[in-house]
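Please look over the sequence and the three-dimensional structure shown here before reading on. The report then moves from the whole chain to single residues.

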Amino acid sequence: MTTFPLINPATGKRVEFPLHSVRVALSNDKTTIFVPLQGENRRPIANGCQCDYCLANPHLVPCWDTLAVPANGVGFTYTVHNPQLKP
Ligand SMILES: [Zn+2]
């Protein structure tokens with residue numbers, strides 16, 4: 001597995017952090033980067049979802065599955081539902 005070095009701020013020691021490959025996407029207007037979340041970082045959508053993807057995949061739990069990050073680094077990062085974007 002590929003790793004990259006990080007300094008643990010609690011101990012000051014260098015640790016090798018596993019690097020997982022994640023495909024990100026840029027919005028059409030290039031203002032937002034979408035980063036797919038994995039595993040426990042996904043939160044279920046309280047009232048479910050009726051989007052085309054969820055209707056076509058009724059066995060999947062609809063989740064806030066993607067992080068939306070402002071491309072210019074200014075503003076808020078928030079979670080969105082973008083199930084077509086796979087990690
Ligand atoms: Zn949906």
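## Overall architecture

The model described here is predicted, and the protein in it has one helix and eight strands. Read from the N terminus, the elements follow the order β-β-β-β-β-α-β-β-β. The radius of gyration is 16 Å, well over the 12 Å that the globule rule gives for 87 residues, so the protein is more spread out than a compact globule.

Along its principal axes, the C-alpha trace spans about 45 × 30 × 25 Å. Of the contacts between residues at least 6 apart in sequence, 37% join residues that are at least 24 apart.

## Surface and charge

How much of the protein is made up of buried residues? The buried share is 22% of the 87 residues, where a residue is called buried if its relative accessible area is under 20%. The accessible surface of the protein comes to about 6,600 Å², and 58% of that surface belongs to carbon and sulfur atoms.

The side chains also carry charges, with 7 positive and 5 negative ones in the protein. The centres of these two sets lie 6 Å apart.

Strand β1, which covers residues 3-7, and strand β2, which covers residues 14-18, run antiparallel and are joined by five bridges. Among the residue pairs that face each other here, Ile7 has Arg14 in β2 as its bridge partner, while Phe4 is partnered by Phe17 in β2. The hairpin has six residues between its two strands, and in it Gly12 takes a positive phi near 75°.

Is Phe17 buried, partly exposed or exposed? Its relative accessibility is 40%, and therefore Phe17 counts as partly exposed, since that class lies between the limits of 20% and 50%. Leaving aside residues up to four places away in sequence, Phe17 touches Thr2, Thr3, Phe4 and Leu6, so that its bridge partner Phe4 is also one of the residues in this list. Asn72, by contrast, is 55 residues from Phe17 in sequence, and the two are 26 Å apart in space, C-alpha to C-alpha.

## The four-stranded sheet

Which strands form the open sheet, and in what order? Four strands take part in the order β3-β4-β7-β8, and their pairing is antiparallel. The edge strands are β3 and β8, the latter covering residues 78-80, and each of them pairs on one side only.

Between β3 and β4, the antiparallel pairing extends over two bridges, and Leu26 stands opposite Ile33 in β4. As a general point, the side chains in a regular strand alternate between the two faces of the sheet.

## Lys30 in the loop

The loop between β3 (25-26) and β4 (32-36) holds Lys30. Most residues other than glycine have a negative phi. Lys30, however, has a phi near 60°, which is a positive value in a residue other than glycine. Lys30 counts as exposed because its relative accessibility is 59%, and the cut-off for exposed residues is over 50%.

Note on methods: Residues numbered from 1 in each chain as written. Predicted model: local features only at pLDDT ≥ 70, side-chain atom pairs only at ≥ 80, totals over all residues. Heavy atoms only, no water. Rg over C-alpha atoms; globule rule 2.2 N^0.38 Å. Buried < 20%, exposed > 50% of the residue type's maximum accessible area, 1.4 Å probe, protein only. Contact = heavy atoms within 4.5 Å. Areas by Shrake-Rupley, 256 points an atom, 1.4 Å probe, with all protein chains shown as cover. Lys, Arg positive; Asp, Glu negative; His and termini not counted. Charge placed at Lys NZ, Arg CZ, Asp CG, Glu CD. Pairing = 2+ DSSP bridges.
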